[in-house]
Amino acid sequence: MDPLLDPATGDYAGGATDTLANAVYLRLMTPLGGWWADATLGSRLHELSRSKDSSRIDLLACQYAEQALQPLRQDGRASRIQVSAQRQGPGRLLLSIEVAETGGHIRHFQHQVRIA
């Protein structure tokens, strides 16, 4: 079990987790190549904060999130990952992520993305 990270603050939430919550959070929040121990860990979502707010950004954000979470499938911890995007207003996008763990549990995560 790992200490649970709070997605809103990035700090420890005080409890423990045996789910993929921390793995999903770290892969989405870390810029791709930004972690010294693994250059493949992370996502390109941070690049969207410099992108023009257009309709294609929704699809791009989903693709970036799926790419970042793909290692969870490759190492056998998840059997399925689905990502969808919803507009929360100008410059804000909410990613809804569904991860089917190999044990059969389906976990839901949400991740806010800022767009310029």
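What pattern does the protein follow when read along the sequence? The order of elements is β-β-α-α-β-β-β, made up of two helices and five strands. Helices (H or I, at least four residues) and strands (E, at least two) are DSSP runs, numbered from the N terminus. The model is a predicted one, in which local features need pLDDT of at least 70 and side-chain atom pairs count only at pLDDT 80 or more, whereas totals for chains, interfaces and linings use all residues. Residues are numbered from 1 along each chain as its sequence is written, and side-chain values use heavy atoms, with hydrogens and water left out.

The overall dimensions were computed from the C-alpha atoms. Along the principal axes, these atoms fill a box of roughly 40 × 25 × 25 Å. The radius of gyration, taken over C-alpha atoms, is compared with a globule rule of 2.2 Å times the number of residues to the power 0.38. For 116 residues a compact globule would have a value near 13 Å, and the 14 Å of the protein agrees with this. Of the 116 residues, 35% count as buried, where buried means under 20% relative accessible area, exposed over 50%, and partly exposed in between (1.4 Å probe, protein chains only). Among contacts (heavy atoms within 4.5 Å) with a separation of 6 or more, 34% are accounted for by residues 24 or more positions apart.

Helix α1 is mostly covered, with seven of its nine residues buried. The buried residues in α1 are Ala21, Asn22, Ala23, Val24, Tyr25, Arg27 and Leu28. Their cover includes β1 (2-5), β2 (12-17), α2, β4 and β5 (106-114). Arg27 of this helix is buried yet has no salt bridge, and the nearest side chain of opposite charge, Asp75, is 4.9 Å away. Not counting residues up to four places away in sequence, Arg27 touches Leu41, Gly42, Ser43, Ala68, Leu69, Pro71, Leu72 and Arg77.

Charged residues were examined next. Lys and Arg count as positive and Asp and Glu as negative, while His and the chain ends are not counted; the place of a charge is taken as NZ of Lys, CZ of Arg, CG of Asp or CD of Glu. The mean positions of the 12 positive and 12 negative charges are 9 Å apart. Side chains of opposite charge can pair when their charged atoms come close. A search of the whole structure finds six salt bridges, a salt bridge being a side-chain nitrogen of Lys or Arg within 4 Å of a carboxyl oxygen of Asp or Glu.

One of these joins Asp53 and Arg87, with the closest N and O atoms 2.3 Å apart. Asp53, Asp58 and Arg87 are linked in a network of salt bridges. Pro90, in the loop between β3 and β4, has its C-alpha atom 7.6 Å from that of Asp53, although the two residues are 37 residues apart along the chain. Pro90 is exposed, at 80% relative accessibility.

A further salt bridge is formed by the side chains of Arg80 and Glu98 (2.7 Å, N to O). This pair links distant parts of the chain, Arg80 being in strand β3 and Glu98 in strand β4 (residues 92-101), 18 residues apart. Arg80 is partly exposed, with a relative accessible area of 30%. The side chains of Glu47 and Arg44 also meet in a salt bridge (3.1 Å, N to O). Glu47 is partly exposed at 24% relative accessibility, as is Arg44 at 33%.

In strand β5, Arg107 is partly exposed at 24% relative accessibility. Arg107 touches Thr19, Ile97, Glu98, Val99 and Glu101, not counting residues up to four places away in sequence. Between Arg107 and Ile81, which are 26 residues apart in sequence, the C-alpha to C-alpha distance is 9.7 Å.
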